[in-house]
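Work through the following exercises with the sequence and the model at hand, and try each task before reading its solution.

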Amino acid sequence: MKLDILAICAHPDDAELSCSGTLMMEKLQGKKIGIADITEGELGTRGTHKTRQQEAEAASLIMDLDVRVNIGLPDGFFENTKAFQLEVVKAIRRFRPGIILTNAPADRHPDHGRGANLVRDAAFLSGLRKIETEWEGIPQEAWRPSQVYHFIQDRFLQPSFVYNISPVMERKVEAIRAFKTQFNTPLDDEPQTYISSPAFLESIIERAKMLGKMIGVPYAEGFITEKMPGINSFDAFVHIVT
């Protein structure tokens, strides 16, 4: 299956928190969308890798993804090395996305910055035909996406552009809440964490409001790009009436 947009993220729930609105908006425009989780999030304090898998499946249905896979690298210990790069290259060549969305270049969780570098480098290497990979015993052809965009996570980073997600904001929150072991669960018996309080989920909503305010819409998600984006028409801009 060829995808238009593939989010490659360090952990299950990274995409839901940071770029699920953008994925769903693109799906509404007829694009094929998917997520490749780099790890199973097995080191998370709450829940297990099995519950995270079940939660990811539930969130995928809410977002109407065309595909979701797990690359299976070790949570907390993957590095930007040749062996791990090749695993990501296989995922890129398997789905041949035009655009990749991935983790923030720097963030509170060290996996996020490492994931950003790993995916950025793998996206370039994926286009080199002399790097040979196989999927299910079949040689893969070289493929390089046209753009790699980094979403914004816990730390605020100045976005290169923001994407209006107002029509799907309620579904974004629903997809986040699908990770029941992780978010907004202050009264259960598991240890409380940085992300398990209602305040954390509220901060995600407030961040979307702040990014939306930048372009005069209720909610938005922000992205960083190292490659200058271009437009074919001024109609591509959101024009704020002042």
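**Exercise 1.** Determine where histidine 150 lies and whether it is buried or exposed.

*Solution.* In this predicted model, begin with the secondary structure, where histidine 150 belongs to strand 7, which covers residues 147–151. Next, take its relative accessible area, which is 3%; because buried means under 20%, histidine 150 counts as buried. Then look at the surroundings: the side chain of histidine 150 reaches the backbone oxygen of asparagine 103 at 2.8 Å, and the residues that histidine 150 touches, beyond those up to four places away in sequence, include Thr102, Ala116, Phe223 and Glu226.

**Exercise 2.** Carry out the corresponding steps for histidine 49.

*Solution.* Histidine 49 is found in helix 3, which spans residues 49–63. Apart from neighbours within four places in sequence, histidine 49 is in contact with Glu40 and Glu42.

**Exercise 3.** Work out the strand order of the open sheet and find which strands stand at its edges.

*Solution.* The sheet has seven strands in the order 3-2-1-4-7-9-8, with mixed pairing. Strand 3 (67–70) and strand 8 (161–164) each have a single partner strand, so they stand at the edges, with one side of each left without a neighbour in the sheet. From one strand to the next, the twist averages 25°. At the edge formed by strand 3, four bridges join it in parallel to strand 2 (residues 33–37), and aspartate 37 has asparagine 70 in strand 3 as its bridge partner.

How values were computed
Residues are numbered from 1 along each chain as its sequence is written. This is a predicted model: local features need pLDDT of at least 70, side-chain atom pairs count only at pLDDT 80 or more; totals for chains, interfaces and linings use all residues. Side-chain values use heavy atoms; hydrogens and water are left out. Helices (H or I, at least four residues) and strands (E, at least two) are DSSP runs, numbered from the N terminus. Buried means under 20% relative accessible area, exposed over 50%, partly exposed in between (1.4 Å probe, protein chains only). A polar contact is a pair of N or O atoms within 3.5 Å; within protein, one must be able to donate a hydrogen and the other to accept it, and residues adjacent in sequence count only if both atoms are side-chain atoms. Contact means heavy atoms within 4.5 Å. Two strands pair if DSSP finds at least two bridges between them. Axes are lines fitted to C-alpha atoms, for helices over the stretch in contact, and angles run from 0 to 180 degrees between N-to-C directions.
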